[in-house]
Amino acid sequence: MSEIHQDTLELLEWPRLAEHLAGFASTAAGRRHCAGLGLPDHPAESRRLLLETTELLALDGLCEGGLSLQGAGDIADTVALCAKGGCGGGEELLAVASTLATARRLRRQIEDSELRPVTSALVAELRTLPELEQRLHFCLEEGGRVADRASGSLEAVRRQLLGLRGERRERLQELVRRYASLLQDTVVSERSGRPVLAVKAGAAAQVSGLVHDSSASGSTVYVEPQAVIPLGNRLRDAEGQERELERQVRSELSALVGEQAEALGHLQQVLVLLDAGLARARYGQWLGAVRPELAETAEAPFELRDLRHPLLLWQERKEGGRPVVPVTISVGRELRVVAITGPNTGGKTVTLKSLGLAALMARAGLFLPCTGTPRLPWCGQVLADIGDEQSLQQNLSTFSGHIRRIARILAALAEGAVQPQAAAALVLLDEVGAGTDPTEGSALAAALLRHLADHARLTVATTHFGELKALKYADPRFENASVAFDVETLSPTYRLQWGIPGRSNALAIASRLGLDPTVLAAAAAQLEPGGEGDVNRVIEGLEQERQRQQEAAEAAAVLLARTELLHEELLQRWSQQKEQSAELQEQRRQRLELSIREGQGEVRRLIRRLRTVGQEVRVGRRVAGETARQAGQRLRRLEQQHRPLPEQRDHGGWRPRVGDRIRLLALGKAAEVLAISEEGSELTVRCGVLRLTVALAAIEGLHGEKPAPPEPPPQVRIRSRRSPGSRGPEVRTEGNTVDVRGLRVHEAEAAVEERLRGANGPVWVIHGIGTGKLKRGLRDWLSGLAWVERVSDAEQGDGGPGCSVIWVK
């Protein structure tokens, strides 16, 4: 990385942001990786990192308690030692086993090529070496101690040690009881790893043994009794054997680890990348950030809505700082230079740093603290000149320091021409041309900005020079922006305004900071009427006009919202009234049908009573039956008259055509006709961003026209044997046949009439032959019906004289 690129990272405080990111990592190796966060050299790698961050953020939210790297250790040094033939410690080897277990668990949680293609590809080649993990866990206990089961010899030596320690303890307890009167204390102490008794100095000659120490007062002598010295020597020898056997086991395990050094190194690298990706996801979630879209071309616009400086956000939330004021940056494809003007301490430099950090964060795979979806090109070079480069050691003034850094920026832009085609260069200049004569400084700044407009995708410069504010009107690649200033409180609002230059408000800020009013009055008097003062007054008028237009736009937006609400309310009320009217008509129809059904029930009850009457009133029963039949017919006609008619819409012959504007009845919104189906019954329309296929009946014209139904396709006539005036073929089926055998005449009439009501062709009535009374009664009744064309006997195959065929008109 060149010197100017490193300087830019320092000026934008990128190391501080990386340090904040490292706080979200779970392992020591992950924290080191995040603290030295690098920047990819190709747009494809940045897009892959953004996808990886997105996938890990989603998976972290799905897992209960979050995605965990607990158990993963920093095993790089241990693996390197074992690969060189060294012997690792028990805890270090046990960390290798726990890291393998963590890697296997993570791969099981992550691997899903459809949902998480990027992270699944990352762990696809991961080898978790279950045999090595099992061997390490078998031979090592908690804390890294070699287990007895790891070696038969080791187990035997430890049993021997256990026996020797028990025997020595018993002998010591026996000696304590024997020499109790000669001892200062009955507790067995330890000196130089050997057990000793606290013997009184005057009685030391009475206890045979080896003196190891004495008390500071000289009244106590610590003696190892002669009786346990041989046991102690044997213990020392057995402990040496134990250490040697443990070292042999660890050496064997280290050799196994060394054999898998390559696989373990790759595993460690994958875990570090996963930890870094998870840290990026959690850091972005903590910031309330969203995933940016990196454009395919360097000429793409910058769209950053409500961008907040991430370091100021950290300061606000972690250190109780002031609320961060967001800025919106919208730079079109044609713009190359943005000149930000306005008062000091107004937020110009913060805007520069926010934009620079946003470009770096997107390149590093981090989400941006914005709203909506931020869009920007991939910035292969972010170059900045921010702050004071004054140096006494290097004999540099402020102006000289700026010029030296700008020279390095121009050289870096010339070298960056070999970068990927989609790479954009972002240049950030703070107080360009300052530190020297204003006339020469403004001329130099204007020439520099014109040069950068030809060689960088975007240059954002802060300035107080009025001449730079006028560049916009001579070159369409330039744009003005300003930080707002509240003239009532004489303080900046830290909000960025686009399209209008700002005033420096030096006198107002000096007044707020407590400068002597007489000095301020003298300075105001010296402002030239036709110079910068007039320009500032023009800018002030523009700001006031902008404020009035903004207030008018807000009032219009409120009025529009109220109008839309009123329109929706009116539509809702109209729909409710229409529904209530339909419900009322439906209720009336239901009441009428209920009355008709009750009348029909009464007729049926009358018929049942007539059946029970004796032979002596047969004539009267026939008359009453005829009356009941006629009443039933009148009720059915009444029911037909009051049935709801299908909705008839007046279309006037109007049919939509491709390109017409129509209204969707279901949505109540206008749409454009894109295509019409061949039969004309379906339309493809576009409503806003939606593309829909709807039925012809689901639309209407913008003026309420109802569409005419499509013309029916020509039908192929099928010749069939039909009776004159009939509407169905002469084919007897179960649907057009009624069997009235065993019924009385008036009962048969009711059954036949019911079947005729739904007939669309001839009806066969099976009445049998018998005495012929039923057949004659039906024929007499049918002959009096105006809508019956004729009645004849059926063909011999359909029943002959025992079946009548009724032809309706």
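Two residues are in contact when they have heavy atoms within 4.5 Å of each other. Keep that in mind as we walk through this predicted model, in which local features need pLDDT of at least 70, side-chain atom pairs count only at pLDDT 80 or more, and totals for chains, interfaces and linings use all residues. Residues are numbered from 1 along each chain as its sequence is written, and side-chain values use heavy atoms, with hydrogens and water left out.

Let's start with helix α3 (28-35). Helices (H or I, at least four residues) and strands (E, at least two) are DSSP runs, numbered from the N terminus. A residue is called buried under 20% relative accessible area, exposed over 50%, and partly exposed in between, using a 1.4 Å probe and protein chains only. In α3, Ala29, Gly30 and Cys34 are buried. They sit on the same side of the helix, because they cover an arc of only 135 degrees around its axis; the arc is that of the directions from the helix axis to the C-beta atoms. The buried residues of α3 pack against α2 and α11 (261-287).

Is Ser26 buried or partly exposed? Its relative accessibility is 35%, so Ser26 counts as partly exposed. Not counting residues up to four places away in sequence, Ser26 touches Arg31, Leu69, Asp275 and Arg282. With Asp275, 249 residues separate the pair in sequence, yet their C-alpha atoms are 6.4 Å apart in space.

Next, helix α12 (residues 310-319) has Pro310, Leu311, Leu313 and Trp314 buried. Those buried residues fall within an arc of 150 degrees, so they line one face of α12. Among the elements covering them are α2, α11 and α13. After α12 comes Gly320, with a positive phi near 70 degrees.

Now for the interior. A nonpolar core is a set of buried Ala, Val, Leu, Ile, Met, Phe, Trp, Tyr and Cys residues joined through side-chain atoms within 4.5 Å. The largest one has 59 residues, and Trp14 and Leu355 have the most contacts inside it. Helix α13 (residues 348-363) gives the largest share of this core, eight residues. A second, separate core has 45 residues, including Ile75, Cys139, Val257 and Leu274. Looking back at Leu355, and leaving aside neighbours within four places in sequence, its contacts include Phe302, Ile329, Leu426 and Val460.

What about the cysteines? Cys139 has 0% relative accessibility and so counts as buried. A disulfide here is a pair of cysteine sulfur atoms within 2.5 Å, and by this rule the count is zero.

Finally, look at an open sheet of four strands, in the order β20-β21-β23-β22 with mixed pairing. β20 (737-739) and β22 (788-793) stand at the edges with a single partner strand each, so one side of each has no neighbour in the sheet. From one strand to the next, the twist averages 20 degrees. Two strands pair if DSSP finds at least two bridges between them; β21 (residues 763-766) and β23 (residues 803-808) run antiparallel and are joined by four. One example is Val765, whose bridge partner in β23 is Ser804. Helix α21 (residues 745-757) lies across β20, β21 and β23, at about 165 degrees to β20. Helix α22 (residues 773-783) also packs on the sheet, touching β21, β22 and β23, and makes about 160 degrees with β22. These angles run from 0 to 180 degrees between N-to-C directions, with axes as lines fitted to C-alpha atoms, for helices over the stretch in contact.
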